[in-house]
Amino acid sequence: MRSKNSIYPRLIFVDEASIKDEITQRVLGALPDAEVRYVSDVKDPILTYSDAASEHEKFTDGKRVLFLTRHKGSWLKSCPGTSSHVCCNLFIVNPGEGCPLDCTYCYLQSYLKKNPTLKLYTNTSDLFKELEELFIASPNRLFRVGTGELIDSLVWDDLTASSIDFISFFSKFKNAVLEFKTKDNGVSNILKAKDINAGNIVVSWSVNAKTVTTLDEKNTASLDERLEAARDVAEAGYRVGFHFDPVVHFNGWESEYTETINKVFKSVPKEKLAWVSISTLRYKPELQTMMKHRFPESKLPFGEQLLSEDSKLRYIQPIRFKLTRFIWDKIKEKDADVPVYMCMETSAAWREIAGGAPAAGSELREIFSRNVKLPVLMG
Ligand code: SF4
């Protein structure tokens with residue numbers, strides 16, 4: 001197991017309302033050497049306590065400071081998707097916000113630049129209560145829920161063990177699927193919970209070409225470490241997903257992405273693959289400034305990129321389609337039945353690369369349908 005000492009928080013703020021919560025106790029118990037400060041009525045501690053002058057320095061400072069606090073308001077949200085693009089109907093809940101890993105392209109650098117302290121929400125019992133009411137109220141609706149939108153789903157799991165709580169909760173519902181999404185390899189709690197997995201849990205890894213993982217995914221588990229973890233959870237009976245995100249254009253991309261695809265199929269048996277997604281590099285212009293400040297060596301903010309309809313910089317269409325089609329075809333060569341989809345792509349891309357809209361492909365039913373039951377998952 002790789003050492004995560006360098007990413008653990010050196011300073012933990014605890015909101016007074018969170019002191020007695022189970023998650024707080026677990027985190028403080030797991031990090032006995034961290035400095036702990038108790039606060040009340042503070043929105044984002046690092047804004048007050050860091051003396052860094054610029055937003056990008058404050059954001060970097062925030063990567064080593066954790067705030068244990070309570071989430072207020074509704075937990076479940078529809079994935080924001082992106083305008084004028086095909087959406088896969090994912091719901092999201094955020095058990096926290098911010099990530100100690102440090103990918104060059106991470107959109108949180110702009111999305112959370114005004115709230116840079118890492119956060120874990122300690123009132124997860126409220127989260128489960130809200131989901132339970134919703135799942136029971138709409139028994140014929142499929143809820144595919146992800147926890148990896150504003151935080152890596154598993155990066156703190158060795159401190160919180162909350163994956164076990166999630167797996168246990170979802171085991172009660174036939175109309176809900178939970179996706180953990182991560183670039184970490186800490187799956188020991190997932191393995192411990194294998195006997196309560198009811199078949200509706202998918203553990204997904206973001207994967208990439210080795211060059212991207214090595215140069216632009218700082219502090220993450222290596223590709224081989226992620227795939228070892230994927231193999232372990234598949235052997236323990238879970239379904240596994242992979243997200244090629246963001247696919248990057250660089251010299252030698254064909255051979256490196258081919259190598260990654262070969263490794264994926266060597267690690268996880270085809271019948272355990274829940275889905276694979278493909279998304280090329282895209283980001284809002286303000287993120288470009290942050291990337292240039294925080295990762296001056298990176299080549300990601302450069303190249304043939306144009307502002308698209310959704311106000312994000314993307315590769316020009318011929319490059320985007322070439323990258324996506326290459327990976328799509330390589331995966332389908334391995335197994336034509338694996339559900340593959342494009343995340344945040346246009347209808348034109350679906351027509352060009354997949355031959356039609358996503359609903360046309362029956363293997364994509366679980367991903368794109370809103371009103372299906374899932375007899376296949378739970379028997
Ligand atoms: S793992 Fe995900 S959330 Fe964490 S820094 Fe990388 S892109 Fe951002």
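Modeller: The model is a predicted one. The helix is α10, which covers residues 223–235. Its 13 residues reach 18 Å from the first C-alpha to the last, close to the 18 Å expected at 1.5 Å a residue. Buried in α10 are Leu-223, Arg-226, Leu-227, Ala-229, Ala-230, Val-233 and Ala-234. Viewed down the axis of α10, these buried residues fall within an arc of 160°, so they line one face of the helix. An α-helix has 3.6 residues a turn, so residues three or four places apart point the same way. The cover over the buried residues of α10 includes the helices α8 (188–192), α9 (210–216) and α11 (253–267). It also includes the strands β11 (201–207), β12 (217–218) and β13 (239–247). Just after α10, Gly-237 has a positive phi of about 105°.

Now the cores. The largest nonpolar core has 104 residues, and those touching the most other members are Phe-170, Trp-205, Phe-242, Tyr-257 and Ile-331. Leaving aside neighbours within four places in sequence, Ile-331 is in contact with Phe-244, Ile-261, Phe-265, Val-276, Ile-278, Val-338 and Val-340. Another core, of six residues, lies apart from the largest one, and its members include Leu-11, Phe-13, Val-39 and Ile-46.

Last, the ligand. Around the ligand stand Cys-99, Leu-101, Asp-102, Cys-103, Tyr-105, Cys-106, Leu-108, Asp-152 and Lys-183. Six residues of this shell are nonpolar, three are charged and none is polar.

How values were computed
Residues numbered from 1 in each chain as written. Predicted model: local features only at pLDDT ≥ 70, side-chain atom pairs only at ≥ 80, totals over all residues. Heavy atoms only, no water. Near = heavy atom within 4 Å. Nonpolar A, V, L, I, M, F, W, Y, C, P; charged D, E, K, R; others polar. Core = buried A, V, L, I, M, F, W, Y, C linked by side-chain atoms within 4.5 Å. Buried < 20%, exposed > 50% of the residue type's maximum accessible area, 1.4 Å probe, protein only. Contact = heavy atoms within 4.5 Å. Helix = DSSP H or I, 4+ residues; strand = E, 2+ residues; numbered from the N terminus. Expected span 1.5 Å × (residues − 1). Arc of directions from axis to C-beta.
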